[in-house]
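This note is meant for a colleague meeting the structure for the first time. Please read it with the model open.

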Amino acid sequence: MENCIFCQIVAGNIPASKAYEDDVLLAFYDIHPQAPVHILVIPKVHIPSVDGINAENSSIVAHIFETIPKIAAAAGLTGGYRVISNCGPDACQSVPHLHFHILGGTKLAEQMA
Ligand code: 5GP
Ligand code: ZN
């Protein structure tokens, strides 16, 4: 999708600091990190949000979650990490392309919201 910033990152039209990439997903460092390590994991295909996950594309999401532990380990998150996906306006989703935040590198706040 031309007007989607994350599709543009997948296409290579917008630069990003990549953490990991394969045929299905791209992981890159968040431009405004909210933790010492803040990585975004996105499917290469455009899925708008968690609400857009369905029987046709859920294997992509399964692959993302199978890969997140490898991405976290490669980023040195030996003490644990948090995975978050904001879905819709109440969750303050700002980029309408499915993404999972990996946050870590410090002891995170006990409260999530
Ligand atoms: P959301 O608020 O939708 O859950 O998360 C979107 C995230 O994307 C934010 O944390 C924001 O900092 C990050 N972001 C937005 N635009 C860019 C960009 O062009 N490059 C990178 N690396 N991160 C971005
Ligand atoms: Zn997109």
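The points below concern the ligand and the pocket around it.

1. This is a predicted model, in which local features need pLDDT of at least 70 and side-chain atom pairs count only at pLDDT 80 or more, while totals for chains, interfaces and linings use all residues. Residues are numbered from 1 along each chain as its sequence is written, chains are lettered from A and ligands numbered from 1 in the order in which they are written, and side-chain values use heavy atoms, with hydrogens and water left out.

2. Ligand 1 is surrounded by 16 residues, each with a heavy atom within 4 Å of it. D30, N86, S94, H99 and H101 are the closest. By class, this shell holds nine nonpolar residues, six polar and one charged; here Ala, Val, Leu, Ile, Met, Phe, Trp, Tyr, Cys and Pro count as nonpolar, Asp, Glu, Lys and Arg as charged, and the others, Gly among them, as polar.

3. Polar contacts (for the ligand, pairs of N or O atoms within 3.5 Å) deserve attention. The side chain of D30 has an N or O atom 2.5 Å from an oxygen atom of ligand 1. For H99, a polar side-chain atom lies 2.9 Å from a ligand oxygen atom. C92 takes part through a backbone N or O atom, 3.3 Å from an oxygen atom of ligand 1. The protein covers 86% of the 510 Å² of accessible area that ligand 1 has on its own (Shrake-Rupley method, 1.4 Å probe).

4. Ligand 1 sits in the largest pocket, meaning that more than half of its atoms lie within 2 Å of the pocket's grid points. A pocket is an open set of points on a 1 Å grid over the protein atoms alone, where a 1.4 Å probe fits, with protein on both sides within 12 Å along at least five of seven lines; lining residues have an atom within 4 Å of a point.

5. The largest pocket holds about 640 Å³ of space, a volume filled by probe spheres set on the points. Among its 30 lining residues, D30, Q34, H38, L40 and H101 are the closest to its centre.

Definitions and conventions:
Polar contact = N/O pair within 3.5 Å; in protein donor to acceptor, adjacent residues only side chain to side chain.
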